Amino acid sequence: MSSEVKKGSDNYEIKKEQIKEAAKDIFAYYGYHKTTLDDIAAKVGIKKNSIYYYFASKEDLFNEIILEIYNSKIAQYESESIVLNSTIEKVKLFLLIIISQKYKESKQYNITPSAFIEIGRVIDESYKEFYENTKILLSEVLKEGIKTGEFRKHNTDETAKTILEFIQALEYFEYSKTTEKFITQSDQKNLETRIINFVDLIHKGIQKVK
């Protein structure tokens, strides 16, 4: 494999992307622990050992996928929030993008509820920096609301932590009770509605009374 595809070449990047796309589908169906490199290799049509030319391990492959998705969500928020004047609307947008199941604008992966919950727990245990970075970003949005006079002064770090912990618990609750094989658009919409209602409730507590 290494003699056929040079690292950094277009063919190398194409094959690497094919492996990641296959891995996303399989992780979404089986979860992290049940997914094997054999499963991913079979979907791509290569031997398992060939994957090691692109990724050191399953953990390395998963880490790159999660980081890519996370960075994509943050970039999407930064792009879409520019036109918003209301800080509370920015908070809503931020949370809705963070919980969105769309990894790419043009594609929606089918993800089973059990895989979603398990992957969430893997991220919580092994990728704590994602949670910390998300909390910091949300706290910065809340601080912006204080500066503009939309929110009263409060501990933005604690508020961000409370919001994110509630959102996470709500995700697990909503998706654990579904009877569908895959998480549906209806499941997603129900979650989004409850998040918006929760943010509106939080807003009443931190908005600045004029």
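From the N terminus on, the elements of the chain follow the order α-α-α-α-α-α-α-α-α, which amounts to nine helices and zero strands. Helices (H or I, at least four residues) and strands (E, at least two) are DSSP runs, numbered from the N terminus. This is a predicted model, in which local features need pLDDT of at least 70 and side-chain atom pairs count only at pLDDT 80 or more, while totals for chains, interfaces and linings use all residues. Residues are numbered from 1 along each chain as its sequence is written, and side-chain values use heavy atoms, with hydrogens and water left out.

**The chain as a whole**

- Along its principal axes, the C-alpha trace of the chain spans about 70 × 40 × 30 Å.
- Of the 210 residues in the chain, 45% are buried, meaning under 20% relative accessible area with a 1.4 Å probe and protein chains only.
- The accessible surface of the chain comes to about 11900 Å², and carbon and sulfur atoms hold 50% of that surface; such areas come from the Shrake-Rupley method with a 1.4 Å probe.
- Among the contacts in the chain with a separation of 6 or more, 72% are between residues 24 or more positions apart, where contact means heavy atoms within 4.5 Å.

**Helices α1 and α2**

- Helix α1 (residues 10–30) packs with helix α2 (residues 37–44) at an angle of about 120°, their axes lying 9 Å apart; axes are lines fitted to C-alpha atoms, for helices over the stretch in contact, and angles run from 0 to 180 degrees between N-to-C directions.
- That angle makes α1 oblique to α2, since angles under 35 degrees count as roughly parallel, over 145 as roughly antiparallel, 65 to 115 as roughly perpendicular and the rest as oblique.
- On the α1 side, Lys15, Gln18, Ile19, Ala22, Ala23, Asp25 and Ile26 meet Asp39, Ile40, Lys43 and Val44 of α2.

**Helices α6 and α8**

- Helix α6 (residues 113–126) and helix α8 (residues 156–176) pack with their axes 9 Å apart, at an angle of about 155°, and this makes α6 roughly antiparallel to α8.
- The contact brings together Pro113, Phe116, Ile117, Gly120, Arg121 and Asp124 of α6 with Gln168, Glu171, Tyr172, Tyr175 and Ser176 of α8.

Methods
Buried < 20%, exposed > 50% of the residue type's maximum accessible area, 1.4 Å probe, protein only.
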